[in-house]
Amino acid sequence: MLADLLLIAMNGLVWGMAVFLVASGLTLIFGILHILNFSHGGFVMIGAYLAFTLMNMLAGSVGIVAFILIAFACAAAVGLMGFVVDRVVFERLKRVDDSYSLIATYAVLLLCEGFVKTAWGPNFQSVYPPSGLEGAVFLGNLFMPSYALFVIGAGVIVFLVLDFWLHRTPSGKIMKSVAVDPWMASLLGINVNAIFTVAVVGGFVLAGLAGGLLAPNQSLSPMMGGVYIIQAFGVIIVGGIGNVRGAFIAAILLGLIDAFGTVYVPQFPGIFFYVAVAVIILFRPQGLLSGIH
Amino acid sequence: MTDLLEARDICFAYPSVRVLKDVSMTVRANECHVIIGPNGAGKTTLFKVLSGETLPQSGTVRYSGEDVTRLDAWKRVHRGIGRTFQVARLFSEQTVLNNVILALECRENIKGTSLGRWWRLNPARELVDEAMSRLAEYGLDRRAQDSAKNLSHGDKKRLELLLTLSLHPKLIMLDEPTAGMAPDDRRAVVAMVNRLREEEGLTLLLTEHDMEVVFGLATRLTVLSQGKVIASGEPEEVRRDPVVHEIYFGKGRHHA
């Protein structure tokens, strides 16, 4: 019984950390630029497809280290795309109404989907976990796929690095200052536009990294960008938009709720995520935590 | 004395109202230049144009001989222009100490020293020590670990001034530095501004409503009314100007 509960909880955690990996870049960009980047899921998808291609090039012999290096390469490539998107799109969105940002970034998402269809075709593709992570391990009497544990570890590490950076380092504090009051920051001599660009590229790097790390988690299709973005939106809304700590907590919470809901009410798989999001924002419309943290 | 900041023929209009009409004025090095004028005269808008917050529709702003009309605000800060606001602007969720450390890091960054490098993992020890001693000078050291939003109005203004001065500006623009202050605090501000000018060689540009403060520190006055400069010169000269007298002092109001 206890083992069952633990297994369900672990499944919830895996789901939560996977969504957190996606949501972290989304919430970072919103926290600093106040732009809700609809295309984020599209770039996670591109990261995943890039990982798929790179792993196929290594033809089946991908170890854990190579897998992580590939994820970093995807992060770098998507970060570069982020730089272009910042120059071409985001730069123009700073002084206009929010509705324009939604439309513009949604258009970028469509471009991502079109790009993926053109480059990789409309069919489903799948990526196998790297050798070393394809098996499973016993934790006590819990039988967990090693790749699932890897995703949990990756989510926690990304959270810790982001949290340490935002709260402890001078550059993180400058980032937060710009988020809170860009005009005041510029009066301290901070080049606010450069900081905005760093934030966008950082958010895209996180998208590419999430795509690379999560590629073996599911079948890849040109529609996966849209699926990711909905779940990531749920997580960052519940966490408090722009708040990395909030997103981390919300991802765990919603993951657990969804996992237990699906087990105990199997007629409605996956619905508990949406119910929980609706109920939580009914009582805390600002999210669990607010402000950038 | 040399001209440090010069505004020439500045025009600025919102869609429905012209706020600044051909405003020209000069701030000379090491003077304390005070802009006075009724509410709505355009003082704050002029400040915005001079500090780079808004672009004027026409006219030029020159600083140390360089045309800075279209220069980003942060670049003007790098060239030595600092400013404060009517309502103190701080990073209010941060501690008082962190506010000062951030300003000191920005100063080091402007100077290009290794202490301000963005890849540092921790604030440099010497900057933390310097921040504490600066706070002590301003009587704020006991509040160092408090959140900046919990400071009193006067302390917030003091902290804001400390942040701006941390960047070692040559010219500092203060928008109503004594607004909402008790008389004792106002006198303290006058004493401090005079000390900054006389001992540290700073140039100051202020807007101010309180006439006791104005005549306590101004070395030159410019009077704005309805977006136009109606007089400029030595304080006593301006005080005797018949036009100024009529629209400004003539109504028997001591605090316009």
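**Core.** I started with the largest nonpolar core, which has 174 residues. A nonpolar core here is a set of buried Ala, Val, Leu, Ile, Met, Phe, Trp, Tyr and Cys residues joined through C-beta atoms within 7 Å. Buried means that 20 or more other C-beta atoms lie within 10 Å of the residue's own; exposed means 12 or fewer, partly exposed is in between, and C-beta atoms are placed from the backbone. Ala51(A), Val235(A) and Ala251(A) touch the most other members. Helix H1 (residues 2-33) of chain A gives the most to this core, with 17 residues. The core also draws at least three residues from each of domain 1 and domain 2 of chain B.

**Ground rules.** This is a predicted model: local features need pLDDT of at least 70, side-chain atom pairs count only at pLDDT 80 or more, and totals for chains, interfaces and linings use all residues. Residues are numbered from 1 along each chain as its sequence is written, and chains are lettered from A and ligands numbered from 1 in the order in which they are written.

**Ala251(A).** I listed what it touches, leaving out residues up to four places away in sequence. The list is Gly16(A), Met17(A), Val19(A), Phe20(A), Ala23(A) and Val235(A). Contact means C-beta atoms, placed from the backbone, within 7 Å.

**Helix H8(A).** Is this helix covered or open? I find 19 of its 23 residues buried, so by the burial count H8(A) is mostly covered. I then checked the length of H8 (residues 192-214) of chain A. The expected span is 1.5 Å times one less than the number of residues. That gives 33 Å, and the end C-alpha atoms are 33 Å apart, which agrees. Helices (H or I, at least four residues) and strands (E, at least two) are DSSP runs, numbered from the N terminus.

**Domains of chain B.** The assignment, automatic or from a database, gives domain 1 (1-80 + 171-256) and domain 2 (91-168). Their C-alpha centres lie 27 Å apart. Seven residues of domain 1 are in contact with six of domain 2.

**Chain B against chain A.** I find 21 residues of chain B in contact with 18 residues of chain A. On the chain B side, H3(B) gives the most, with six residues.

Strands S9 (residues 220-225) and S10 (residues 228-233) of chain B pair in the antiparallel sense over five bridges; pairing needs at least two DSSP bridges. Thr222(B) has Ser232(B) as its bridge partner. Two residues sit between the strands, and Gln226(B) takes a positive phi near 50 degrees.

Definitions and conventions
Contact = placed C-beta atoms within 7 Å.
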